[in-house]
Amino acid sequence: MFNKALMAASVAACFASPLEAHAAPGQVYVNLFEWKYTDIAQECTQALKPAGFSAIQISVPSEAKGNTNQWWERYQPASYRLDGRLGTRQQLADMVNTCRNAGVAIYADVVLNHMANGTGTGEAGSSYNGASYYPGPGYGSADFHPRCDINDSSATNVHDCWLGGDLPDLRTGSDKVRQATGAYLKDLLSLGVAGFRIDAAKHIAANDLKAMLTIAGPLNSATASAFGMTKPWVTGEIYGGFGPIDSTERAIYFSLGSMNEFKYKDVMRDTFNRNGTSISQLANMLPINDTSPNPRGLYASRDATVFVSNHDLERHNDSLTSRNSGKLFNLANIFMLAYPYGQPQLQSGFKLTGNQADDTTAVPTGNIYVNGTPNFTNWDQQHRWREISNMVEFRNQTQGKWQIDDWTTNGGDRVAFHRGDRGFLAINRDDGNAWVATFRTGMAQGQYCNVINGLLNSTKTACSADVVTVHADGTANLNIPGMNGAGIPAVAIHAGQKIGAVTGDITPPSVPTGLATTLVGSNSISLRWNASTDNAGGSGMKGYNVVRDGGAPAFTAGTSFTANGLLPNTVYRFTVSAVDNANNSSGPSSPALEVKTLALGTCQVQINFQVTDNTTVVGQDVYLTGSGTELGNWDTATATKLPGTAWPLWKVSRNLNAGTTYQYKYIKKGVRPLQWETGANRVITVPACGSAPYTVPVSAFRQ
């Protein structure tokens, strides 16, 4: 039945390991580069939520230098005020709230490494004098490194010298700078921002960046609740690779979040442009898990944010672009959204009309939306292009199948694969010849919309464009035109676009309860929880999505899960939600379970401390301190804070040395004077090495 020449080139490639990433509450986010806040607020509800986008990256919100409408000024802060040509602080807050209510998170691009050069007045009126006077954050000459050029001769050179040779480099190792930058991030979080892209991340020492994020603290409660996260999503710009920065420091960066994988855009550019390779090799270049081939040395999938182009690259002819690459740009974005590697970012900014080798087109003035209607005359709006926008939901539908099956090529310009039974993609890069063949789609029998060209109608009875018929054996007969034909030469179908497949089940299953650890190691954490139930007459239980630190969900059919590849002596937070066979998802388990991995070279047992106290006031929290290094040696300044997310129950997990007896007490700190528990010290003897985690019986704070 199958085309023999076609199937001879087929590669069976099924990887069961799901993505464990520092990712978004969903999968796909878009950089609305230089969009104003009021325009973003309207775009959230008009286009982004309906298409299934999880988040938006906004341009740098801090006050920028100058007022000449050049994009690069955005990356030269005059102060950390949240006012400028993008909008006012209040407009930023209103936009974040609007988008959050629509289920779309907001990530802010932030500059923490340097300040504006030269002398002048920022867009919100703040004065500055390069490397000597920034009254906004209170920086003076002592807060900057001596001027030097970056030459990658050492990690110190990369961290401490001046970008471009003229951007004043902050002493991010100083407490003053850390406090100022951390307060800026904290301010954004207070408005509901859910995460950050860290510009020039490798030019900030990893421990300095970690300190800033620690000062910034957790998400505000509304954002945490809306997206099932506790700490901010983070991705760092590591342009040109880490260079001389050693593996120990690199591990710290990855413990904070994912990193921009710039080698990915090279892979897209080279394969789709046939620069010594072809798209048939993509399965051997993109590592979907730790055992995948990785000849280009890309970051692990869980550590990578990926893009075909971004706001820097599109100006320098160094990637596939919307204005230079024709259909290849569309096809590369389609492939990125279908293939299970990294977390995809789409770029959507203003149209570039200048020199393609180094474009300096000014940012358009005025708003995109006028009286509720968008005018995209000066804007690319790539996130709205039908074939790209429709693939966002393909990504969402296939998230639970982090795998490729029946990878099929002709050895050159054609590829096809499916993501289990959730989605199928075929691309014909051949210039003139159609691809006529029978494909294994992995999909259930039925008719599906080819989302490259259209979607189901509102009654789910017909497609707005071409229909793909999948036979009882999961195959489909396709005729995909070549590049020289009309339209985009690709076919994509997914389970959410099956004609007549809508069931009457719109009720999610119950929220999982009893999330707890069963085993904690230096590099892994094993979890279990109570089974959820679906509604009476529903579609039945499908499984569970486990989320680590607000990342992308890892799907499992059972009520247990092990997270591997973790860092020793590091705190992680988990939630789990239930999914039924109609893909209705429950809310996340609450509160999030906080677990700390064991230190290397020690035998420790996880102890879960808990205490009740309903007498705290806003700004006052319960802490744990006690004997031994593990409990802080009674130092109240470094006592461990107990999250109060289940108030009046306060609880925290700590790993203590097996067979050791510790004394401890709870204390209260904050806006009121420090208060110790009354009475004798509490005592705990840790169980023997290899014991399961132990939970201290709940008791009240002794007033």
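Modeller: Rings of Phe, Tyr and Trp (its six-membered ring) form a pair if their centres lie within 6.5 Å; planes under 30 degrees apart count as stacked, over 60 as edge-to-face and the rest as tilted. By this rule, the structure holds 35 aromatic pairs. In the pair formed by Trp 71 and Tyr 75, the ring centres are 6.2 Å apart and the planes stand at 70°, so the arrangement is edge-to-face. Trp 71 counts as buried because its relative accessibility is 11% (buried means under 20% relative accessible area, exposed over 50%, partly exposed in between, with a 1.4 Å probe and protein chains only). Tyr 75 is also buried, with a relative accessible area of 9%.

Another edge-to-face pair is that of Phe 272 and Phe 335, with 6.4 Å from centre to centre and 70° between the planes. Phe 272 belongs to helix α9 (residues 262-272) and Phe 335 to helix α10 (residues 327-338), so the pair ties together parts that are 63 residues apart in sequence. Helices (H or I, at least four residues) and strands (E, at least two) are DSSP runs, numbered from the N terminus. Both Phe 272 and Phe 335 are buried.

This is a predicted model, in which local features need pLDDT of at least 70 and side-chain atom pairs count only at pLDDT 80 or more, while totals for chains, interfaces and linings use all residues. Residues are numbered from 1 along each chain as its sequence is written, and side-chain values use heavy atoms, with hydrogens and water left out.

Trp 71 and Tyr 75 also belong to an aromatic cluster, which they form together with Phe 33, Trp 35, Phe 350, Phe 376 and Trp 379. Rings meet charges as well: the charged end of Lys 263 sits over the ring of Tyr 299, 5.1 Å from its centre. Likewise, Lys 542 lies over the face of Phe 555, at 5.9 Å from the ring centre. For such a case, NZ of Lys or CZ of Arg must be within 6 Å of the ring centre and within 35 degrees of the ring normal.

Helix α9 also contains Lys 265. This lysine counts as buried because its relative accessibility is 5%. The side chains of Lys 265 and Asp 266 are joined by a polar contact of 2.7 Å (a pair of N or O atoms within 3.5 Å; within protein, one must be able to donate a hydrogen and the other to accept it, and residues adjacent in sequence count only if both atoms are side-chain atoms). Apart from neighbours within four places in sequence, Lys 265 is in contact (heavy atoms within 4.5 Å) with Phe 307, Val 308, Leu 313, Asp 318 and Ser 319.

The loop between α9 and β11 (304-306) holds Asn 289. Asn 289 is buried because its relative accessibility is 13%. Its side chain makes a polar contact of 2.9 Å with that of Ser 292.

Strand β2 (residues 55-58) pairs with strand β3 (residues 105-110) in the parallel sense over 4 bridges, and Ile 56 has Ile 106 as its bridge partner in β3.

Strand β24 (residues 525-528) runs antiparallel to β27 and is joined to it by 4 bridges, with Thr 562 of β27 as the bridge partner of Ser 526.

Notes:
Two strands pair if DSSP finds at least two bridges between them.
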